[in-house]
Amino acid sequence: MSGKALAIAITVATAVLVAIGTLWPGEASGTVYIAGAGTSAFNSNDSPETTVHSLFDNVRQHNWSRAYSYLGNQNEVDQRDFEADLQGTNDSLRTYSTLEPSDFRVLHQSSDTAVVRANLKWATAVGAFYETRDLNLTRQGNGWKVIWPSGKQPNVPPQVIPVNYLRWDVIFRGPGDDWGAQNVEAPHVRITSMKAGDSGDSVIIMGEILNEDTVPAFVDVKATLIGNDGNSLGKENSFDKISHTLLPKEVSPFRIDFPGVRLGDVKSVRMEPNSSLVPASADPVIAVEHQQLQVDARGKHVLQGELVNESGRVVNIPHVIATYYNNQGQVIWVADGYVDRALLPGFPMPFGVAVPDELASQVHNYRVIVNQYSQGKFLQ
Amino acid sequence: MTRKLLAVLMLLIACMLAEAAARGAELQAPKQVVAGASLTIPTTGGGGATFYLIGPAGTIKRAIKLGEEIRIKGEDLRVAGRYVAVVTGDNGGNAAFWVTPAKVANVAFIAQPSRLPVALPGAVSGVVYAFDHFHNLVYEPQPVKFELSVAGAPTTTRTVATRDGVAWTRMDSGHKQGAAQFNAEVDGISTRRVVQQVAGDPCNLRMKAQRTPKGIEVETDPIRDCSGNPVPDGTIVTFTSVDSRGTTTVDARIKRDVASAQLPAADRATISVASGVVLGNEIRIGGAR
């Protein structure tokens, strides 16, 4: 086909599609909020949908006063709490997040009240973070206002929390030491279980690693897939799907993904657990309470529970890693998730980790560990 | 036939003459010298000549007067091995001799591992390299006495002879934790390494639980390994409580031999304890124990 004929064909096809779209417009089930469309925020409260749209458009542009003006219960919600709710505090993951294109859907509407589901997407350094909020709205005057949940931000009262946990420091061998002088021994770690599986178009290697030593270990697990022809199909490591710092006798799950590889092409797997001695602290202790497998509002299986920071230091970014076992005690899946709120001492923080729907019926037991990233700061 | 015999005879005579000539060119040097000892080599004739000493670690060149003794300082004979002394000129010659290691003055002792659990058979290895003052490996057999001791426990001793300058042994780690002194002694020279013997896995892990106004308080008995050593502080002990609201886990750290945790209140709960791959007892709260 010549270039001229192709140009004519594209023009005709475009005209036909424009005509179809004009004559039979599709019914959108919600409003798609497009970020970055102009520098001025969308401002309207004619309908519940546009009110929520306007609120979050102003949030995106950090027009906090303007966004706050869409609230119908300002007597209950302080603007600072409203900002902290959306912007995060204490160097949590939310403080490093940016609101991305999101969508809003009216779940229920009457003449004076409405419920709008806001499916928010936050861009973070560890990937997209999805948040669903069902917002109640009321008609006030000629417009609609959002009734913002009046949850006060947790505030830890001034106090002294004595912490006397152990800390390990390490002195390594120096250049001036004799030949033959010992260095400190690397911690002994052991892979206690391992399983290879596939998910989608990826091969997944998962299992558990134990620090069987009496000193803390910084661990990492690498895996190499060997193909049927004996050649390497790829080498990956556990990246953040592991708790890297393991205290004595601590067990961490690990998961290594090999995208684009079929399990049938794999003949064997070569595992390389690595460990090195690192200074570490036994603090903080984070309890994982009330873990339960549940089905969320979207019909997805999730493991939900609460994290409680039992130390006196703020955990800025908690990272939850869950191991799922079948009825024979074998690891069948490892999943992780970040919590975008800081863990303040003593305040329970809900979390949820996904369970693949196809595996949910096989899950007989589970174990959750919490990785923590703290900046060594105290309450701000 | 006669011509062949004559040729062989001529060849033998030539060889004998060559050997005689060579003998005349030999320097009178000892066959063996201890490393670091000085040496003198006499010369004959007169006039100047050049002396070369070719050793395993370098070559020395020096102008000498024939008829005088050549003095080689001990510092030029520090490295063990074969040396060749050569004097150039008509009255010159050469001599080969060996420098052997001096007596043991340094012991390189490699002990591994630096940290290991108690009561492991054959887990501690020690390797000794015996060197003289000039870092020559002393390959004459030397008895090496290995001693592994930890305070409050009997000392384990083993004597092994070096072979080609090296001796090694394997020993069991003791039953008592602590910094074990691993000593190797050769010819009165001793070197010490420290092998940290640490507690093994917890043994007979047991806990008790009681209700408190805040919830359920769980605490283990003093945690010890199977040799009776206290498991070190900071070791993770996991308490798991299963009740009607779900599962609660706390990774508690051992402090002063015990681990404790506060679990949420529940009418009925099943609580278990574990550390690493070791499981402890299970307690049912609100039901029969």
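Mentor: A residue is called buried if 20 or more other C-beta atoms lie within 10 Å of its own, exposed if 12 or fewer do, and partly exposed in between. This is a predicted model, and by that criterion buried residues make up 33% of the 380 residues in chain A.

Trainee: Why is L359(A) called partly exposed?
Mentor: L359(A) has 16 C-beta neighbours inside 10 Å; a buried residue would need 20 or more and an exposed one 12 or fewer, so L359(A) counts as partly exposed.

Trainee: Where does L359(A) lie, and what is L359(A) in contact with, leaving aside its neighbours within four places in sequence?
Mentor: L359(A) belongs to helix α5 of chain A, residues 357–360, and, with those neighbours left aside, L359(A) is in contact with Y324(A), I332(A) and W333(A).

Trainee: How do you know which strand of chain A gives the most to the side that touches chain B?
Mentor: In all, 27 residues of chain A are in contact with 28 residues of chain B. On the side of chain A that touches chain B, β15 (286–295) and β20 (365–373) of chain A each supply at least two residues, and β15(A) gives the most, with six residues. By class, that side of chain A has 13 nonpolar, eight polar and six charged residues.

Trainee: Why are β1 and β4 of chain B called edge strands?
Mentor: The open sheet in question has five strands with mixed pairing, in the order β1-β7-β6-β3-β4 of chain B. Its edge strands, β1 (32–34) and β4 (58–65) of chain B, each pair on one side only, and the twist averages 25° from one strand to the next. The pairing of β1(B) with strand β7 of chain B, residues 93–100, runs in the parallel sense over three bridges, and Q32(B) has W98(B) as its bridge partner in β7(B).

Trainee: What makes a group of residues a nonpolar core, and how many residues has the largest one?
Mentor: Such a core is a set of buried residues of the nonpolar kinds Ala, Val, Leu, Ile, Met, Phe, Trp, Tyr and Cys, joined through C-beta atoms within 7 Å. The largest has 78 residues, and those with the most contacts inside it are I286(A), L307(A), A322(A), V218(B), F239(B) and I271(B). A second, separate core of 21 residues includes V59(A), Y70(A), L99(A) and A118(A).

Trainee: How is chain B divided into domains, and how many residues of domain 1 are in contact with domain 2?
Mentor: The domain assignment of chain B gives domain 1 (23–100), domain 2 (104–198) and domain 3 (202–285). The centres of domain 1 and domain 2 of chain B, taken over C-alpha atoms, are separated by 41 Å, and five residues of domain 1 are in contact with four residues of domain 2.

Terms used. Residues numbered from 1 in each chain as written. Chains lettered and ligands numbered in written order. Predicted model: local features only at pLDDT ≥ 70, side-chain atom pairs only at ≥ 80, totals over all residues. Contact = placed C-beta atoms within 7 Å. Helix = DSSP H or I, 4+ residues; strand = E, 2+ residues; numbered from the N terminus. Nonpolar A, V, L, I, M, F, W, Y, C, P; charged D, E, K, R; others polar. Pairing = 2+ DSSP bridges. Axes fitted to C-alpha atoms, helices over the stretch in contact; angles between N-to-C directions. Domains from an automatic or database assignment.
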